[in-house]
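Hello,

I am handing over the structure you will be working with. Please look through it first, then read the notes below.

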Amino acid sequence: MNKTVALGVSSSIGLYKACEVVRGFQKAGLGVRVVMTPNAAKLISPLLFSSLAGTRTIVDLFAEPETRRIEHISLAKEIALLCVAPATANVIGKFAGGVADDFLTTLFLATRAPVLVAAAMNEAMFLHPRTRANIARLKALGVEFVEPEKGYLACGDEGWGRLADPEAIVREGLRIVGRSESLKGKTVLVTAGPTREPLDPVRFLSNPSTGKMGYELAREAVARGAATVLVSGPTGLVPPAGALTVRVRTAAEMEKACLEAFPKADVVVMAAAVSDFRFKETRGRKAAKAEIGPSLAVERTPDILARLGRAKKPGQLVVGFAAETHAVLAHAREKLAAKNADIVVANAVGEGLGFGTDDTAVRIVARTGPLQETGTLSKREASRVIFDRIEAELEKKRR
Ligand code: C5P
C-alpha cells in the first residue's frame with residue numbers, strides 16, 4: 001500500500017505504545033507521519049518518532065514550513081487515515097467541539113480522510129458523561145474507535161482506560177485504509193428522501209422522511225471509492241461531496257432517474273421513502289376548497305424497487321428498505337421475495353427511531369447468509385454495516 005497515515009499522539013502515558021503502532025503501519029507498507037500535541041512532546045521527545053517513522057514529527061502549528069505549502073492542509077489532503085493513539089479526553093473533547101488550537105486538532109478538521117481514535121485515560125474520565133457524549137458525537141460523525149482495555153492504569157487505579165493493544169489498533173487502521181478502495185470501479189445508485197405527489201402547486205402527499213439514511217449511504221459509497229449516483233427527493237441536506245446528485249420531486253421522476261442510472265449500476269440501494277399514492281388528478285393552479293370537494297381520488301405510484309428487481313442482471317445487487325411499525329421481520333422477508341431484492345434492510349419506525357432521527361437500529365435480511373441485527377447506531381455507522389454486508393453479498397455473486 002503506497003499510502004500515508006497520520007498518527008496523532010497525545011499526552012497519555014500509554015504513548016510509548018505508539019512506537020509499535022508506527023512499526024505496524026510501516027510493516028504493512030504505509031508511510032507514517034507522526035503529529036504530537038505540545039503536551040505529548042513534554043512527555044517524550046518528538047525525535048524518537050522522527051527516527052522511527054523516518055519523517056519529521058510535527059508538533060508546532062506555526063513552525064516555518066519546509067515548503068511554501070500550508071502544512072496541515074497539505075497533510076490533510078495527502079493522508080489515507082488519521083489515527084490517533086493514544087487520544088486523551090482533552091483531544092476527544094476538542095475533536096467533538098470543533099476546537100482547533102494545535103496541529104493535531106486542526107488536521108482533524110481539515111482532513112476528509114477517515115479517522116480512527118484509540119482512547120487512553122483514567123477510568124473516571126473515560127466513563128464521565130461528558131466524555132461518553134463526546135465519543136457518541138464523534139461516532140455520529142463517522143469517527144471510528146478502538147475501545148480501551150481494562151487493566152492497570154498509570155494513576156495506580158485498576159479499570160477501563162488502558163490504550164488498546166497496538167496490534168489491534170493497526171489491524172483496525174489497515175481495515176479502514178483497505179475499505180477506502182473496496183468499491184473502486186463499481187457504480188452505486190442510492191435513492192434518498194421522500195417523494196412529493198402534488199395535488200396543485202401548494203398541496204402535496206408525502207411522508208416524514210428527511211433523507212438522512214440515504215445521504216449517509218451515498219457518503220459511504222463515495223468513501224469506498226464507488227462512482228455514486230444519488231437520486232434524492234426533496235430534503236434539506238447537503239449532498240455528499242463526490243456523488244452525482246440528481247434531484248427529483250415525484251415518484252415518477254424518481255423512477256425515470258433510476259431507470260437512467262440503473263444499466264450502469266452494480267449496486268442499487270433504495271433508501272427513499274417513495275410515496276405509495278398520488279392524486280389521480282392534479283391541477284396547474286391552486287384549487288379552492290369548495291372546488292375539491294369532500295374526498296380525493298388517489299392511485300398507486302410505480303414501485304421502483306420491484307421494477308428494478310425484475311430488470312436486474314445477474315451481476316447486479318439490489319437493496320431495498322422496509323420501514324415498518326409492526327411485524328418488521330415478516331414484512332422485510334415478504335419484500336425480499338416480492339421485489340426480487342438481494343437484501344432488505346428493515347427498521348422499526350416510531351418511538352424515537354426512524355424518520356428524521358440521527359440514530360437507527362437495523363435488521364439486514366438477505367437471500368443468503370444470516371439475519372444481521374444491529375443495536376442502536378448512528379446512521380453514519382449503520383451505513384458502514386450495510387455496505388459491509390453489500391460487499392459480502394457482491395463477493396458471493398462473483399463466485
Ligand atoms: O413496499 P414498500 O413501500 O414498503 O417497500 C419499501 C421499499 O420499496 C423501499 O426500498 C422503497 O425505496 C421502495 N419503494 C419503491 N417504490 C415505491 C414504494 C417503495 O421503490 N413506489
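Overview

The model is predicted. Its protein chain has 15 helices and 21 strands, and the C-alpha trace spans about 80 × 50 × 50 Å along its principal axes. Of the 399 residues in the protein chain, 50% are buried.

The ligand and its surroundings

The ligand sits in the second largest pocket. Two elements give two or more residues to the shell around the ligand, namely α13 (304-311) and β16 (317-324). In total, 13 residues surround the ligand. The closest are Met-270, Ala-272, Pro-302, Leu-305 and Lys-335. By type, the shell around the ligand holds seven nonpolar, two polar and four charged residues.

Which residues place a polar backbone atom by a nitrogen atom of the ligand? One is Pro-302, with a backbone N or O atom 2.8 Å from a nitrogen atom of the ligand. Another is Ile-304, where the distance from a polar backbone atom to a nitrogen atom of the ligand is 3.1 Å. A side chain takes part as well: an N or O atom in the side chain of Lys-339 lies 2.8 Å from an oxygen atom of the ligand. Taken alone, the ligand exposes 450 Å², and the protein buries 85% of that.

Asp-342 is found in the loop between α14 (328-338) and β17 (343-348). Asp-342 counts as buried because its relative accessible area is 8%, and the cut-off for buried is under 20%. The side chain of Asp-342 makes a polar contact of 3.1 Å with the side chain of Lys-312. A polar contact, also of 3.1 Å, joins the side chain of Asp-342 to that of Lys-397.

Thr-88 lies in the loop between β3 (81-87) and α5 (89-97). With a relative accessibility of 11%, Thr-88 is buried too. A polar atom of the Thr-88 side chain is 3.2 Å from the backbone nitrogen of Val-91.

Lys-17 has its place in the loop between β1 (4-9) and α1 (18-27). The relative accessible area of Lys-17 is 12%, so this residue is buried. How far apart are the C-alpha atoms of Lys-17 and Arg-307? They are separated by 54 Å, and the two residues are 290 residues apart along the chain.

Backbone details

The peptide bond from Ala-85 to Pro-86 is cis, with omega near 0°. Pro-86 belongs to strand β3.

Ala-327 has a positive phi of about 45°, although it is not a glycine. Ala-327 is in the loop between β16 and α14.

Asn-340 is not a glycine either, and has a positive phi of about 50°. The loop between α14 and β17 contains Asn-340. At 32% relative accessibility, Asn-340 counts as partly exposed. Asp-342, described above as buried, is found in that loop between α14 and β17 too.

Regards

How values were computed: Residues are numbered from 1 along each chain as its sequence is written. This is a predicted model: local features need pLDDT of at least 70, side-chain atom pairs count only at pLDDT 80 or more; totals for chains, interfaces and linings use all residues. Side-chain values use heavy atoms; hydrogens and water are left out. A residue is near a molecule or strand if one of its heavy atoms lies within 4 Å of it. A polar contact is a pair of N or O atoms within 3.5 Å; within protein, one must be able to donate a hydrogen and the other to accept it, and residues adjacent in sequence count only if both atoms are side-chain atoms. Accessible areas come from the Shrake-Rupley method with a 1.4 Å probe; for residues, only the protein chains shown count as cover. On a 1 Å grid over the protein atoms alone, a cavity is a set of points where a 1.4 Å probe fits but cannot get out, and a pocket is an open set with protein on both sides within 12 Å along at least five of seven lines; lining residues have an atom within 4 Å of a point. A molecule sits in a cavity or pocket if more than half of its atoms lie within 2 Å of its grid points. Helices (H or I, at least four residues) and strands (E, at least two) are DSSP runs, numbered from the N terminus. Ala, Val, Leu, Ile, Met, Phe, Trp, Tyr, Cys and Pro count as nonpolar, Asp, Glu, Lys and Arg as charged, and the others, Gly among them, as polar. Buried means under 20% relative accessible area, exposed over 50%, partly exposed in between (1.4 Å probe, protein chains only).
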